Amino acid sequence: GVHAVLLVISFGQRFTKEEENSIEELKRLFGDNLFKYGIVIFTRGDAFEDAKRRGEVRDFKEYLHHEPLYFRDVLQKVQQRHVLFNNKLTGAAASKQRRELIEHIRVIMRNEGDVTYRIPSVQAAGACFPTMSTVLIGGQYHEKMASLQLGTKVASIAEEEFAPVKLDTVYFFSHAADDVFAPFVCIKTSGGKTLHLSEGHYLYVGKDAMKTGALVTAREVKLGDVVHVVDGLDQPPRPEEVTEVKIEIKQGLYCPHTFGGSLVVDGVCVSTYTEAFPPSVAHGLLWPIRLLYRIAPTVAAKVAQPGGEMGMPKWLEWLYDRYVGKI
């Protein structure tokens with residue numbers, strides 16, 4: 001967890017509507033609890049000292065008093081915890097600044113009973129990739145998730161163990177929302193692949209995963225694990241070692257589904273399914289949608305029309321609410 005959240009602002013910086021919108025986005029993304037752990041850091045303390053010598057401001061308290069009301073409200077929410085840093089200071093003066101910051105952190109931990117801050121979980125994100133993720137379209141070029149359409153042919157995994165990847169059809173989106181931010185697991189490989197997916201999403205992990213179909217959720221992936229990667233349609237998946245696993249905040253929630261239930265996202269072999277339902281169960285539940293798409297794709301597109309904040313079809317949102325938990 002996080003002991004403190006530092007909001008960094010330069011002394012003399014105008015607090016405009018853009019900064020105000022940024023604070024609102026932070027609140028929406030991280031929740032109001034963010035401010036319980038917040039400390040405002042002002043940089044360019046040397047510029048403040050210069051302004052003070054010129055008589056433009058008497059002290060820092062006066063400077064804060066003349067800041068816009070919205071910014072003063074932010075200071076109030078963080079209980080006036082702020083530190084002015086002058087990076088030109090050395091020795092004891094520089095140490096005093098650092099001690100002041102450390103003391104604020106200690107106060108936060110005492111107030112919160114040593115409970116660290118954690119990013120609020122986004123349950124709906126258990127089934128998604130961010131906007132920036134790409135898939136291989138038609139075996140020729142990479143396309144971002146947000147540009148995918150029903151009927152698009154994308155690279156997916158062949159049934160034969162050592163066969164090159166094949167093209168499969170996108171027939172359904174369980175999520176399609178761009179104006180959402182959520183935490184994603186970032187997995188990097190020894191060959192330079194970088195995959196972002198939600199913690200509950202399945203991917204193929206293990207040296208024999210292409211043979212056995214072994215699926216592991218992203219949250220379970222650890223350093224040294226083996227995932228399977230692909231560069232083009234003419235290649236079978238090959239193993240690469242995981243070299244880094246971390247959490248990153250990204251925009252968008254997208255989860256395209258193919259007839260075969262697999263995808264190649266950012267060059268890494270993944271399932272289209274998540275821990276919400278066992279993959280075999282999820283595949284069975286979507287059988288009517290696959291059949292409808294083959295018979296009447298236009299009607300299927302209407303049935304799969306995304307809606308709501310998380311971009312889920314209404315019937316699927318009802319299913320989640322009833323059997324998985326409130327989204």
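Colleague: Why is Arg44 called partly exposed?

Modeller: Its relative accessible area is 43%. Buried means under 20%, exposed means over 50%, and partly exposed is what lies in between (1.4 Å probe, protein chains only). So Arg44, at 43%, counts as partly exposed. Before we go on: this is a predicted model, where local features need pLDDT of at least 70 and side-chain atom pairs count only at pLDDT 80 or more, while totals for chains, interfaces and linings use all residues. Residues are numbered from 1 along each chain as its sequence is written, and side-chain values use heavy atoms, leaving out hydrogens and water.

Colleague: Where does Arg44 lie, and what is its phi?

Modeller: Arg44 is in the loop between E2 and helix H2 (45–53). Helices (H or I, at least four residues) and strands (E, at least two) are DSSP runs, numbered from the N terminus. Arg44 is not a glycine, yet its phi is positive, about 65°. Gln80 also has a positive phi, near 60°, and is a residue other than glycine. You will find Gln80 in the loop between helix H4 (69–77) and E3.

Colleague: What makes Gln80 partly exposed?

Modeller: Its relative accessibility is 38%, so Gln80 falls in the partly exposed class.

Colleague: Is Cys128 buried or exposed?

Modeller: Buried, because its relative accessible area is 0%. Cys269 is also at 0%, so that residue counts as buried too.

Colleague: Why are strands E1 and E3 said to stand at the edges?

Modeller: Let's start with the sheet. Its 3 strands form an open sheet with parallel pairing, in the order E1-E2-E3. Strand E1 (5–10) and strand E3 (82–84) each have a single partner strand, so one side of each has no neighbour in the sheet.

Colleague: What makes E2 and E3 a pair?

Modeller: Two strands pair if DSSP finds at least two bridges between them. Strand E2 (residues 38–43) and E3 have 3 bridges in the parallel sense, so they qualify. As an example, the bridge partner of Phe42 in E3 is Leu84.

Colleague: How do you know that Leu291 is partly exposed?

Modeller: Leu291, found in helix H8 (residues 287–295), has 35% relative accessibility, so it counts as partly exposed.
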